[in-house]
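Dear colleague,

I am passing on the structure shown below, together with an account of what was found in it. Please look through it before reading the notes that follow.

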Amino acid sequence: MAIRIGDTAPDFTAETTTGTINFYDYLGDSWGVLFSHPKDFTPVCTTELGETARLKPEFDKRNVKIIGLSVDLSESHHEWAKDIEETQGTALNFPIIADHDKKVSDLYDMIHPNASDTMTVRSVFVVGADKKVKLMLTYPASTGRNFDEVLRVIDSLQLTAKHSVATPVNWKNGEDCIIVPAVTDEQAKEKFPDGWKTLKPYLRIVKQPS
Ligand code: BEZ
């Protein structure tokens, strides 16, 4: 069955480049990013994995654990890791699931047969500390993802989980936010004592809460 935002992320135990991992144990109390790669030794994936490894300190800052997936064996992942380090200048610093039996790919509906029945599409699942799915992205194999965007969404998700705000178009961390419609002006006075700007009754702009 398809996974939807708000669903509990399915748990699994799988072989990875750092040994056998249980997903929930790996996440602990952290947030998580689970993302798939169509296949080992493919060019776009090679660039994505190098970039994600380079960005790992940014994920760490946000208390997010990363785990990749590719539908090949662990030995193949280890060989590929050498190429990633050589060509991208960053060594892999998070586990890659060896999903040769497609167990996790099937669990997360990462194989879209009309695109390919052997390779995964490029899926991203952001999972909250409560193990609920917060975000899903699906890209075709030929388009590399933008991991700055993944970080940007995590910033928004972590902010909106704490405060009664939403984030507007192209928002970046530190920029103005929107007071959610469920909050009345009376309630907003308490939550945002420094005030806000009302453009329309439903469009109230407020400084990013800290
Ligand atoms: C790639 O990762 O480069 C790739 C994989 C499958 C199809 C096209 C590109």
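**Overall picture**

The protein comes to seven helices and 11 strands in its secondary structure, and please keep in mind throughout that this is a predicted model. Taken along the principal axes, its C-alpha atoms fill a box of roughly 60 × 40 × 35 Å. The chain has 210 residues, of which 45% are buried, and the protein exposes about 10,900 Å², with carbon and sulfur atoms supplying 52% of that area.

**The ligand and its surroundings**

Which residues surround the ligand? They are Thr 42, Pro 43, Val 44, Cys 45, Met 119, Arg 122 and Ala 141, and by class this shell holds five nonpolar residues, one polar and one charged. Helix H2, which covers residues 43-54, gives the most to the shell, with three residues.

- In the side chain of Arg 122, an N or O atom is 2.8 Å from an oxygen atom of the ligand.
- For Pro 43, it is a backbone N or O atom that lies 3.2 Å from a ligand oxygen.
- A polar backbone atom of Cys 45 is likewise 3.2 Å from an oxygen atom of the ligand.

The ligand taken alone exposes 260 Å², and the protein buries 77% of that.

**Cysteines**

Cys 45, which belongs to the shell around the ligand, has a relative accessible area of 0% and is therefore buried, the cut-off being under 20%. Cys 177 also counts as buried, because its relative accessibility is 0%. With a disulfide taken as a pair of cysteine sulfur atoms within 2.5 Å, the count of disulfides comes to zero.

**Three further residues**

Asp 155 has its place in helix H6, residues 147-162. Is Asp 155 buried or exposed? At 12% relative accessibility Asp 155 counts as buried, because that value is under 20%. Not counting residues up to four places away in sequence, Asp 155 touches Arg 62, Trp 171 and Asn 173.

Asp 185 is found in helix H7, which covers residues 185-191, and with a relative accessibility of 41% Asp 185 counts as partly exposed, because the value falls between 20% and 50%. Leaving aside neighbours within four places in sequence, Asp 185 is in contact with Trp 196 and Arg 204, and the side chains of Asp 185 and Arg 204 make a polar contact at 2.9 Å. Asp 185 and Leu 107 are 78 residues apart along the chain, and their C-alpha atoms are separated by 44 Å.

Lys 134 is part of strand E7, residues 133-139, and its relative accessible area of 24% makes Lys 134 partly exposed. Once its neighbours within four places in sequence are left aside, Lys 134 is in contact with Ile 5, Trp 31, Val 126, Val 127, Gly 128 and Leu 157.

With kind regards

Methods: Residues numbered from 1 in each chain as written. Predicted model: local features only at pLDDT ≥ 70, side-chain atom pairs only at ≥ 80, totals over all residues. Heavy atoms only, no water. Buried < 20%, exposed > 50% of the residue type's maximum accessible area, 1.4 Å probe, protein only. Near = heavy atom within 4 Å. Polar contact = N/O pair within 3.5 Å; in protein donor to acceptor, adjacent residues only side chain to side chain. Areas by Shrake-Rupley, 256 points an atom, 1.4 Å probe, with all protein chains shown as cover. Helix = DSSP H or I, 4+ residues; strand = E, 2+ residues; numbered from the N terminus. Nonpolar A, V, L, I, M, F, W, Y, C, P; charged D, E, K, R; others polar. Contact = heavy atoms within 4.5 Å.
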